[in-house]
Amino acid sequence: MTTTTAPHASHVEPVPRAGVRRPSLLRLTAVELRKLADTRAGLWLLIVIGLTTAVIVTLQLISAADADQTFVNFFVPSLLPVGVLLPVLGILSITAEWSQRTALVTYALVPRRERVVAAKLAAVVVATLASVVTSLAVAAAGTLIAGATGGAGRWEFDGALLLHSVVFQLVNVLMGVGFGLLLLNTPLAIVTYLLLPTVWSIVGELVPALHGPAGWLDTGRTMEPLLSDSVTADQWARLGVSLLLWVVVPLALGLVRTLRREVA
């Protein structure tokens, strides 16, 4: 019996693929900034934030006493409503991936989820800084109008107040991002962010035994000094402790959950 030996197939060298460069963090941040306004909810929220700032200054021009129509008095009140709305934008930037089911595409294009989260954080920080600049610009316009219409129109402004204002808004938005990462559900994250600190603040005020801890853990109290141009060392310490609970812990736990959650 004879056998035939099949000829050996020639070895085919794999064709090297051109290296694919992963997108830089700067590019990812630019993408996330664009995504903040891509949805109707995000776009309208940005519009409402800008309009709210303008409305507050307008109301002060109409109703405030002439002596109170100063740059600082226009600037500081505009921070409060913006500080409530900005965290909602931070929540949407995180939860939109899951509520709109774009997480599969996003994490397929950028498999390292921590880079996506870092880009989202950078995007909301940029948006926060832009909101502070907007408040400054609107306050400046209000001061010019006040000076031209008989108001005080004073421009005195302490640089420390600007720094404190930036910290104030960054803390607010990062708290919202933390709740968004932790819960990954838009309605639940928004309600929890708005309700939980408020409930704790009320309970801390009503229960005598909690007055001491509330002084360190109630962000309503610990962040209040940031709206002035002077913050003591004790106030910074209290702020740091409260932020550990309301910002650092949700961000850390939320990051772990986001990295481990299956994308369906």
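Contact here means heavy atoms within 4.5 Å. Helices are DSSP runs of H or I with at least four residues, strands are runs of E with at least two, and both are numbered from the N terminus.

I am working on a predicted model, in which local features need pLDDT of at least 70, side-chain atom pairs count only at pLDDT 80 or more, and totals for chains, interfaces and linings use all residues. Residues are numbered from 1 along each chain as its sequence is written, and side-chain values use heavy atoms, with hydrogens and water left out.

**Entry 1: α6 against α10**

I began with α6 (residues 159-183) and helix α10 (residues 233-260). The two pack at an angle of about 35°, with their axes 7 Å apart. Axes are lines fitted to C-alpha atoms, for helices over the stretch in contact, and angles run from 0 to 180 degrees between N-to-C directions. The crossing of α6 and α10 is left-handed. I call a crossing left-handed if the near helix is turned anticlockwise from the far one by less than a right angle, and right-handed if clockwise.

On the α6 side I listed contact residues including His164, Val171, Met175 and Phe179. On the α10 side they include Trp236, Trp246, Val247 and Arg257. The residues of this contact divide into 16 nonpolar, 4 polar and 1 charged. In this count Ala, Val, Leu, Ile, Met, Phe, Trp, Tyr, Cys and Pro are nonpolar, Asp, Glu, Lys and Arg are charged, and the others, Gly among them, are polar.

**Entry 2: α5 against α6**

Next I looked up helix α5 (residues 113-148), which packs with α6 at an angle of about 145°, the axes being 10 Å apart. The crossing of α5 and α6 is right-handed. From α5 the contact takes in Val117, Leu121 and Thr128, among others, and from α6 residues including Ser165, Gln169 and Leu174.

Is glutamine 169 buried or exposed? At 1% relative accessibility, glutamine 169 counts as buried. Buried means under 20% relative accessible area, exposed over 50%, and partly exposed in between (1.4 Å probe, protein chains only). Glutamine 169 is in helix α6. Leaving out residues up to four places away in sequence, glutamine 169 touches Leu79, Val82, Gly83, Leu86, Thr128 and Val132.

Methionine 175 is also a residue of helix α6, and I found it buried, at a relative accessible area of 2%. With residues up to four places away in sequence not counted, methionine 175 touches Tyr193, Thr219, Trp246 and Val247. Its C-alpha atom is separated by 13 Å from that of glycine 220, 45 residues apart along the chain.

Leucine 184 lies in the loop between α6 and α7. Leucine 184 has a positive phi of about 55° although it is not a glycine. Most residues other than glycine have a negative phi. Leucine 184 counts as buried at 6% relative accessibility.

**Entry 3: aromatic rings**

I then turned to the rings. Rings of Phe, Tyr and Trp (its six-membered ring) pair if their centres lie within 6.5 Å; planes under 30 degrees apart count as stacked, over 60 as edge-to-face and the rest as tilted. By this rule I have 6 aromatic pairs. The rings of tryptophan 98 and tyrosine 107 have centres 6.1 Å apart and planes at 45°, so the pair is tilted. Both tryptophan 98 and tyrosine 107 are buried.

The rings of phenylalanine 179 and tyrosine 193 have centres 6.2 Å apart and planes at 70°, so this pair is edge-to-face. The pair links distant parts of the chain, with phenylalanine 179 in helix α6 and tyrosine 193 in helix α7 (residues 186-206), 14 residues apart. Phenylalanine 179 and tyrosine 193 are both buried. I also recorded one aromatic cluster, formed by Phe71, Phe75, Trp155 and Phe157.

Two arginines came up with the rings. A charge sits over a ring if NZ of Lys or CZ of Arg is within 6 Å of the ring centre and within 35 degrees of the ring normal. Arginine 113 lies over the face of tyrosine 107, at 4.9 Å from the ring centre. The charged end of arginine 261 sits over the ring of tryptophan 98, 4.4 Å from its centre.
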